[in-house]
Amino acid sequence: MAESRRQFLLGSALLGTAGAAALGARAASAAPSAAPPATETGGVHSGGHGGGVAGPTFRKGAVVDHAANGFDPTALLRDFDYGRVSRLPDGRVLREWVVAAADLDLEIAPGVRYPAWTFNGRIPGPTLRCQEGDLLRVQFVNTSAHPHTMHFHGIHPAEMDGIPDTGPGVIPSGGSFVYEFDAQPFGVHLYHCHVGPLAEHIARGLYGTFIVDPPAPRPPADEMVMVMHGYNTTFDGEGNQLYAVNGIPFHYMHEPVRVKRGELVRIYLVNALEYDPINTFHLHGNFFDYYPTGTRLEPSEYTDTIMQAQGQRGICEVRFPYPGRYMFHAHKTEFAELGWMGFFEVTD
Amino acid sequence: MDGRTTRNRAWMSAVGATLLLGAALLLLALVGGKTLPERAGPPIEQLAVERTELVPGYIDVTVRNTGPDPVQVAQVFVNDAYVDLTGGEQPIPRLGTAMLRLDYPWQEGQPYLLSLLTSTGLVIEHEIPVAATTPQADAGFFSLMALIGTYVGIIPVVLGMMFLPVLRRIGSRGIRVLLGLTVGLLAFLAIDASIEGVEVSESGGGAFGGPALVVLGAVLAFLALTALDRYLGSRRTVNDAQGSSGIRLAVMIAIGIGLHNLGEGLAIGAAYAVGELALGTALVVGFTIQNTTEGLAVVAPLTERRPPLLQLLGLGLLAGAPAILGALIGASVNNAELSAFLLGIGVGAIAQVIIQIAPSLRDGAERFLSPATIGGIAAGLLTMYVTGLLVTA
Ligand SMILES: [Cu+2]
C-alpha cells in the first residue's frame, strides 16, 4: 500500500506546474463562485464543540485555511451557479458555463494535505442550476494533468454522456469540449468525471450538484446544497479517513448553518461518497419532507433520517419551529465521528 | 624476538589496512555522495508507538519517528472517531519523539485502534488489545513485578531441581532420556521465543531492524555464551577434568534458561503494563508450571555429583531470577524493539545450551539419537506444548 501511494504522490508532485496553471484557469472561469466571505456567518461558536465525552473533533483550535484552499464550505452552501443566460432565436433560454478541471493540493482537515482533482478549484464542484427545458452548454476545460470528462445525470443523447469512447470520449489534459443538452428532467442531480479508474477520479473531488428547477418554480425558500462525500487519504480504496459535507469535515460544527425560525429551508442533498455503499442524513429535533431525486412535487416521506446509496440524491424541506442549535449528521455514526456532522443555528 | 617482529608486522599491516579503508570510505562519502542523484519522491513517513499510557479519560501515546524524514501528526482518530489531542504540534524529526495526549473516554477491557493521520494523509495505526489503566511505576508496582518474577522464575525452577534425588536413581540411560527431554523442552522454547520475537518486532514499526533484531540478539547471545564456555572450559581443565564438567554444563544450562526467563519476564511485564494481565492469572500460572520443567533441565547433568545446597540455590537463582529483571524492564520500558532484541538473546542462549548438552546424549554405541533420547526429545517438545496451552488458556 505504502509503495503505490508514494509512487502516486511522486506523480502529483511532478505535476505541480500543471496545478499552478489550473489555478489561473480557475480564476478565469469561475467568476460566479465569488461568494460573500465567511466572516458574515462564521466564528460565533468557533472551537466550542467536542473532545472526550462531548464527541469527536479535530485538534481543538486548529482550523483549515479556507483562503488558501480558495473556497469556504459556508459560502458553498448557498452558491448556485446559474451560468451565463441568453435567449435563443426561438425564445428558449440558453445557459452557458465554463468548468475547468484542475489538480490542487488542498488542506482537507487542519494540517492534512490532499492531492485533489477539482472542478473549478473546489470540492464539491460548482452547483450548476437551470430550469427544465433550457438549452445547456457546458464548456469543459481540462487543465488537469490527467484525462477527465463531465458526466451529467439526467436525460441526454449518448454523445453528451461524458464517458470514454462515446461522443468526444475522454478529454485529454489540455483539451476541452462543450457538452450541450436540454435540461430534463427537473429534480436534483449530480455530475462527475467518468474516467477510469472511476472510483478514484470521483473520490479525488470531481463531482458536483446539477439542479433542474421545475417549469413552475418551487415555493420560495432558504435554499442550500449539501454534498455528502469523503476522503480516502491513504488511496487504498478501502473506506475513507475523512467524511464531510461540502468539502471540510466538521466545518459546520464550528460555523453552524444559520437559518430563520419558521422559514422554509430547502436542502438539495447529494451523496457523492465513494468506497462506502451508503450514506445517511439525520436532522435533530425536527422532521422534514423528503422528495427522492426531486422529480416529483409531492414528498414521499416525512422523516428525520433518510438513506442514500452512491449517486442518490433528494430534496429535504423543513421549517424549524424552535430557535437553537440542531445537529445534523450521517446516522452512520462512524461517518459522523470521522467528520460528517454539523449544526443548524436557528434564530428569530 | 623473531616472533615478536612478525606479530608487530601483522599488527602494522592490520592498522594500515584499516586506515586505508577509512580513507576510502571518507573519500566516497565526500565526493561520491555528490555524484549520486537526490532522493526523489514524497517523504517517507514512519512512526513507531513506543508506549501507550492509559489514564482515565485520556490515552497518552509516545511516538518515535523511525523514518528518514520528519513526520507531522495532523489529527488522530480512535476506533473511527476523531479526538482532541495535545502534543506533537511540531513535525517530529528523525529519531525524535513526541508525546500525544488523546482526549478519549476509553473503557476498561475494550480493544482500541489508534490511527495517526499525518500531514500527507498517511495513517499509522497502533492497536491496544485490551485497555486497562496503566499502573504507576511506584515502589509497590516494582515489588509486585519482583514478586511475579519470583513466582514465575525462581520458585518453579527450584521446585524442578528438587527432583535431583530421583534423577540419581534412574541410571545413565535414564539420564540420557532426561537430557533428551531437556533438549526437547529447550528447542520448543527457542521456536516459541523466535516466533514471539518476530511478532513483537513487527509491531514496533521495524525501523531498528524488526525481525533482524531477534536474529542479532540470538547470534550475539550465542557467541557470548560460547566465549564464556570456552573461558570456563580452559580454566577448568587446569583443575580437575572429570567431576566439574557436570556442574559446568549445569551452569551453562542455568544461564541459557535464565536468559530465556528474562524474555519471559519481559512478556509478563509488558502485558501487565498494557493491562493484559487484568484478564487473569492464567499467564502467571501457565509460566510457573512450564518453568518447573526448566528446573529439571538444570539439574539433569548433576546426577553423578552431590553439589552443596548453596551451589544448587545459586543455579536456581541464575536460571530463575532474570524473570524478575525481565518483568521490571517489560513493565517500565514497554518497547517493542528492545523486547524483540531480548527475546532474541533468549533464543541464542537456548541454542547454545542445546549444543552444550548434545555430546551427553551419546549412548554407549556413540549414537546421538538412540531411540531413548529420541523419545526424550519428543516428550520434551510435547510437554512444552501441553504446558504452553495453560499459558494461553
Ligand atoms: Cu477524472
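**A helix pair and its surroundings**

Guide: Chain B contains 11 helices and seven strands. The model is a predicted one. Of the 393 residues of chain B, 48% are classed as buried. Where contacts in chain B link residues at least 6 apart in sequence, 75% of them join residues at least 24 apart.

The pair in question consists of helix 2 of chain B, residues 139–161, and helix 8 of chain B, residues 309–320. Two packed helices are described by the angle between their axes and the distance between the axes. Here the angle is about 140 degrees and the axes are 8 Å apart. Helix 2 of chain B is therefore oblique to helix 8 of chain B, since only angles over 145 degrees count as roughly antiparallel. The crossing of helix 2 of chain B with helix 8 of chain B is right-handed.

On the side of helix 2 of chain B, the contact is made by B:G149, B:G153, B:I154, B:V157, B:V158 and B:M161. Helix 8 of chain B contributes B:L312, B:L315, B:G316, B:L317, B:A319 and B:G320. By class, this contact comprises eight nonpolar and four polar residues, with no charged ones.

Most residues other than glycine have a negative phi, and most peptide bonds are trans. B:L95, which is not a glycine, has a positive phi of about 65 degrees. B:L95 lies in the loop between strand 4 (82–86) and strand 5 (97–103) of chain B. With a relative accessible area of 38%, B:L95 is partly exposed.

A residue of this kind is found in chain A as well: A:F250 is not a glycine, yet its phi is positive, at about 60 degrees. A:F250 sits in the loop between strand 12 and helix 6 (251–254) of chain A. A:F250 counts as buried, because its relative accessibility is 0%.

Strand 12 of chain A leads on to the sheets. It belongs to an open sheet of six strands in chain A, ordered 12-11-14-19-16-17, with mixed pairing. Strand 12 (242–245) and strand 17 (301–303) of chain A are the edge strands, each pairing on one side only. From one strand to the next, the twist averages 25 degrees. Strand 16 of chain A, residues 288–292, runs antiparallel to strand 17 of chain A and is joined to it by three bridges. Opposite A:D289 stands A:Y302 in strand 17 of chain A.

Another open sheet in chain A has five strands in the order 1-5-10-9-7, again with mixed pairing. Strand 1 (80–81) and strand 7 (151–152) of chain A are at its edges with a single partner strand each, so one side of each has no neighbour in the sheet. Six bridges connect strand 9 (residues 187–192) of chain A with strand 10 (residues 207–213) of chain A, and the two run antiparallel. A:H189 has A:F210 in strand 10 of chain A as its bridge partner.

Two cis peptide bonds complete the account. One joins A:I123 and A:P124, with omega about -5 degrees; A:P124 is in the loop between strand 4 (112–119) and strand 5 (127–131) of chain A. The other runs from A:G196 to A:P197, with omega near -5 degrees. A:P197 is placed in the loop between strand 9 and helix 5 (198–203) of chain A.

Notes:
Residues numbered from 1 in each chain as written. Chains lettered and ligands numbered in written order. Predicted model: local features only at pLDDT ≥ 70, side-chain atom pairs only at ≥ 80, totals over all residues. Heavy atoms only, no water. Axes fitted to C-alpha atoms, helices over the stretch in contact; angles between N-to-C directions. Helix = DSSP H or I, 4+ residues; strand = E, 2+ residues; numbered from the N terminus. Parallel < 35°, antiparallel > 145°, perpendicular 65-115°, else oblique. Left-handed = near helix turned anticlockwise from the far one by under 90°. Contact = heavy atoms within 4.5 Å. Nonpolar A, V, L, I, M, F, W, Y, C, P; charged D, E, K, R; others polar. Pairing = 2+ DSSP bridges. Buried < 20%, exposed > 50% of the residue type's maximum accessible area, 1.4 Å probe, protein only.
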